[in-house]
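Notebook open, model loaded. I want to go through the aromatic residues and then the sheet.

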Amino acid sequence: MRLPDQDAVIALWKAAGVFREWNDPVRDIAKALEGEHSTVLIGELNGMIVASIMCGEDGHRGWFYYVSTHPDHQGKGLGKAITQAAEDWLRARGTWKVQLLVRGDNSQAASFYEAQGYKNTQSICLQKVIEP
């Protein structure tokens, strides 16, 4: 992704239902693109951004965020392709494990990832906002 793609990517996130009001997508994109340990990958079809994934690594694990496929193009393998591209991006950096968070009520997303070999770790995610 390049910065001029930002508005189209945010529109995709909203259309795909991965956008949440409490997250600032402009800030998240800027942070992902500022260094070598994270990025946002996009999938295009006929010049339109139809898939995206934000990925990063901390030297031990990789993480995925904002995994999205436009609703008009779901079920065509684009989600699987963008996830594979992010796995390849992590693998090229020597990262051997990837994790992601799925909301407890999103069984469709959980099934999508399980079909790609992801396992439920039965972990509990805790969060604390550390800035005002």
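Predicted model: local features only at pLDDT ≥ 70, side-chain atom pairs only at ≥ 80, totals over all residues.

I looked up W13 to begin with: its relative accessibility is 0%, so W13 counts as buried.

Then I ran a search of the whole structure for aromatic pairs and got four. How are the rings of W13 and Y66 arranged? Their centres are 3.6 Å apart and their planes sit at 5 degrees, so I logged the pair as stacked. W13 belongs to helix α1 and Y66 to strand β3, so this pair ties together parts that are 53 residues apart in sequence.

Another pair I looked at is F112 with Y113: with ring centres 5.0 Å apart and planes at 75 degrees, it goes down as edge-to-face. F112 is partly exposed at 29% relative accessible area, while Y113 is buried at 8%. F112 and Y113 form one aromatic cluster with Y118.

I also found K14 over the face of F19, 4.9 Å from the ring centre.

On to the sheet. I see four strands in an open sheet, ordered β1-β2-β3-β4, with mixed pairing. The edge strands are β1 (38-45) and β4 (98-100), each pairing on one side only. From one strand to the next, the twist averages 30 degrees. I traced β1 against β2 (residues 48-57): the two are antiparallel over eight bridges, and V40 has M54 in β2 as its bridge partner.

Last, the helices. Helix α1 (residues 6-16) lies across β1, β2 and β3 (62-69), at about 95 degrees to β2. Helix α2 (residues 25-33) lies across β1, β2 and β3, at about 110 degrees to β1.

Technical notes:
Residues numbered from 1 in each chain as written. Heavy atoms only, no water. Pairing = 2+ DSSP bridges. Axes fitted to C-alpha atoms, helices over the stretch in contact; angles between N-to-C directions. Contact = heavy atoms within 4.5 Å. Phe/Tyr/Trp six-rings, centres within 6.5 Å; stacked < 30°, edge-to-face > 60°. Buried < 20%, exposed > 50% of the residue type's maximum accessible area, 1.4 Å probe, protein only. Lys NZ or Arg CZ within 6 Å of the ring centre and 35° of its normal.
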